[in-house]
Amino acid sequence: MSVASEADAIRTSSVAKPRPRWSRNVSSKIAAIPMILTALVVFLGGTIWTVVYSFTNSKLLPRANFVGFDQYERLWSQNRWLVSIENLLYYGVMSLVFTVVMGFILAVLMDQKIRFEDTFRTIMLYPFALSFIVTGLVWQWILNPEFGIQGVVRDLGWTSFTFDPLNNPDTVLFGLLIAGLWQGTGFVMCLMLAGLRGIDEDIWKAARVDGIPTWKTYVMVIIPMMRPVFITTLVIVASGIIRLYDLVVAMTSGGPGGNASQVPAMYVYDYMFQAQNLGQGFAASTMMLLSVLIVLIPWAYLEFGGKKHG
Amino acid sequence: MADLSMSSAMTGPRGAKPKKAMSPRNIMLYGILIVVCVYYLLPLWVMVMTSLKGMPEVRIGNIFAPPVEVTFQPWVKAWAEACTGLNCDGLSRGFWNSVLITVPSVIVSIAIASVNGYALINWKFKGSDIFFTILIFGSFIPYQIMLYPIVILLREAGIYGTLWGLIVVHTIFGMPILTLLFRNYFSSIPEELFKAARVDGAGFWGIYFRIMLPMSLPIFVVALILQVTGIWNDFLFGVVFTKPDLYPMTVQLNNIVNSVQGVKEYNVNMAATVLTGLVPLIVYFVSGKLFVRGIAAGAVKG
Amino acid sequence: MGNSIEVKDLTLNFGSVSVLKNMNLDVAEGEFVVLLGPSGCGKSTLLNCLAGLLDITDGQIWIKGKNVTWAEPSDRGIGMVFQSYALYPQMTVRGNLSFGLKNAKVPQAEIDKRIARAAEILQIQPLLDRKPAALSGGQRQRVAIGRALVRDVDVFLFDEPLSNLDAKLRSELRVEIKRLHNQLGNTMVYVTHDQIEALTLADRIAVMKGGVIQQLAAPLEIYNRPSNLFVAGFLGSPSMNFLKGRTVDNGRAFQFGATKIDLTGYEGGAVLERDDAILGVRPEHITVSTTPLAGPSIPAEVEIDENLGADSLLWLKAEGTNMSVRVPVEGRVPAGTKVHLGLDIPKASLFDAKTEQRI
């Protein structure tokens, strides 16, 4: 046995030496280098680096001078940061609820075998192709107290009419919301519509034979069936909200009154690149990461962990 | 009425169920959709109309009204004369910067991501799925946390603040979604085709260029749409990774409109806004359903 | 007994495309009718029209003596079983069975009674508290049948209910559906593209093509006396042999190449002389002999000999036409052999080549 297999080995090696593992498919490994570098160095390494340096007192330049939770204590005692978090929370919940509910309702309307579906969809989705800067500037103009909606209505004779969300600290978030919904609802509608179209036609037929009214079929059968679509949409929208930055810059620059519409992403940028207080910027961005993880981990668990149990 | 029970008689309802085109349900349905569409179209209307008015008309007129006297002066001014800081050569500078940034970024990011997707499907290696998972998770993580490390990396590489630096950044942040897009598309190409090509002696690049690429043109178009709009619309990376003379159009637009100096020229501002939105809008209207496919790809789990 | 379903002059157009053309169909009470045809022939469309899931363009539909042309599906007194089962995934089996009844405000006690009965008939009692995802394909289809059963209706509509199942399960459930029909005596309309299902289940088969019923008759009648070329070719495997030729001698004989075939015994009478005619003979109605036969016989050469286990198929060439013949295993002839074919004329079918209709 052993003699024969040795002889075999010699024979094969004289024909073609079995190549060592690492050298097989070399070009595929070379081709994967950018992906590996991005994943390991930038995404993983960069994240860890920032988290680590958030425990230092870096100012103008990153310095490995560890000071424990000092940066976090300072962060959470800053009024500006607290307002940012509060704003993000209010804006996030409102935006999430409105985009998902409105997106779903619009998708349901679009799913009624309507005429001109393509036209309606094109109109509802085009804002999504525009940048937040363009979105913000247009709505800033429409909401302009002097010339915008308020001005027009006042010119019509309602001189006491007030609609000036962007210059009132109490309502500025609604101003952002109007623009944010305009930009993003069409996208959610498209995701929901794709979800609705993915549902087996026979389910609808069965419900009709069973005599279930349409609205009840949506509530009792279709929405539960679309749970994965809802969850995925929520995660995508939520992680976008946490990143909210451009829209605020364009519409209010964080104002009025200095910080009425501040958001965390703005705080990070200002401390990292303007105020040259890197430690604060790192600490704030770590908190942003934390908030995303709070959204992401339950989702990943539901999506990938739940599957194993069937 | 009496013979209604007699099934042999041809009485009672016959033919198509009568449907009223103006049923309450349809009035509601189309009513709501039209109202929604007005909300969506209003800003575009206002933006274009304002940009075609002279400043005196903007001041006295209604922003929703079409211009009494159409003028293209605001467009000319926005394009060639508007000031940001000391430069008064208009948005054209930002436009050309954006072109300069977008074209190579789109090409490089799509080239790399398509090869990634191809390697992930057909040339799996140990750990390839782990890298992919990190990539997907990375797409949800706020960019802010990776900004500074990237600044350091680019500075070390000597390309911080240059065009190439920004191209690298766009390639990195476009990678998750594009890789997912290509990976999902390539997984739908029958594996037998890949095996047959290998038996025929084609290698990694041979199969990629001769088999995969020609079969995947639609998905390349989808990726192109996604990247052109995405990179054109970027603001944050433009601010962080370039210097003022390289600022992309979005950054310059914001600087023009939100600058505090001088009298606000709303018509010029709106013309500038329309100009900046024009490229993604054209891409959107030309691409039609492919755009929908591109954005839906982000929602398809891997 | 009256008719359970009457379709009168039913027409359905999708835009300018005519899908069902002026169709008439009566189904007797307790009858099992199978709609059979290739995909796109309109069989599922007809079923959806009966169910009220599609609005028709013209004509009437009567079920149990009531004009239901404009009635909602749930008001037509029908139950329906779908190819993809269409079970509500987040509800248990019990929830699936009771959903429609609850919605129709049937009292709970009555619901329980009906579910218990359906579960007993279909032997799904142990599955009642499971979700559809935890069921096998066969079990799901039983539950889907159960959903029709609890509606306590006289008419069951089946839309290719077995197509998603593997071959073994399919034959098991086929027998089960037949048993169910015998037990309940409901009227059943069953859509399939599988001719075995059609032949085994049906009291009558409606063979459809292009939105028109080609022939409506008992399975054996359809098999033995197809009314046109399409029906003849669609049923049977391998398909019927078609010999192109012409009728001669005042229609008493059929000229096929150099061979004249005596038509004595064909439908008991003579046919007119036709220049273009087709003689259809099923593979099992041909005898093969290595020696010349007494009567007129067709010379042929065996090309391939296929052993099917129970019997054997010979693929031959006669007068330039490809033919297949089913022979017992002991009657096998090796390839290359020259043989003589005898036709069982009383069981053959003669068609006009132009109109494709049976003569």
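**Entry 1: the largest cavity**

I began with the lining of the largest cavity, to which α10 (201-209) of chain A and α4 (137-149) of chain C each supply at least two residues; helices here are DSSP runs of H or I with at least four residues, strands are runs of E with at least two, and both are numbered from the N terminus. I note at once that this is a predicted model, in which local features need pLDDT of at least 70 and side-chain atom pairs count only at pLDDT 80 or more, while totals for chains, interfaces and linings use all residues. I also note that residues are numbered from 1 along each chain as its sequence is written, that chains are lettered from A and ligands numbered from 1 in the order in which they are written, and that side-chain values use heavy atoms, with hydrogens and water left out.

I looked up the lining itself and found Ala206(A), Val209(A) and Asp210(A) together with Met80(C), Phe82(C), Arg147(C), Ala148(C) and Arg151(C). A cavity is a set of points on a 1 Å grid over the protein atoms alone where a 1.4 Å probe fits but cannot get out, and lining residues have an atom within 4 Å of a point. The volume is about 40 Å³, taken as the space filled by probe spheres set on the points, which are joined across faces, edges and corners. By class I wrote down five nonpolar, no polar and three charged residues for this lining, where Ala, Val, Leu, Ile, Met, Phe, Trp, Tyr, Cys and Pro count as nonpolar, Asp, Glu, Lys and Arg as charged, and the others, Gly among them, as polar.

**Entry 2: confidence in chain B**

Over residues 1-8 of chain B the pLDDT is below 50. I remind myself that where pLDDT is low, the predicted coordinates should not be read in detail.

**Entry 3: a helix pair in chain A**

I followed helix α11 (residues 214-225) and helix α12 (residues 227-242) of chain A, whose axes come within 4 Å and cross at roughly 60°; axes are lines fitted to C-alpha atoms, for helices over the stretch in contact, and angles run from 0 to 180 degrees between N-to-C directions. The two helices α11(A) and α12(A) are therefore oblique to each other, since angles under 35 degrees count as roughly parallel, over 145 as roughly antiparallel, 65 to 115 as roughly perpendicular and the rest as oblique. Ile223(A), Pro224(A) and Met225(A) in α11(A) are in contact (heavy atoms within 4.5 Å) with Arg227(A), Pro228(A) and Phe230(A) in α12(A).

**Entry 4: backbone in chain C**

Most residues other than glycine have a negative phi, and most peptide bonds are trans. I found a cis peptide bond between Ser237(C) and Pro238(C), with omega about -5°, and Pro238(C) lies in the loop between α8 (229-234) and β11 (241-248) of chain C. Asn22(C), not a glycine, has a positive phi of about 40° and is found in strand β2 (residues 17-28) of chain C.

How values were computed:
pLDDT is the predictor's confidence in each residue, from 0 to 100. On a 1 Å grid over the protein atoms alone, a cavity is a set of points where a 1.4 Å probe fits but cannot get out, and a pocket is an open set with protein on both sides within 12 Å along at least five of seven lines; lining residues have an atom within 4 Å of a point.
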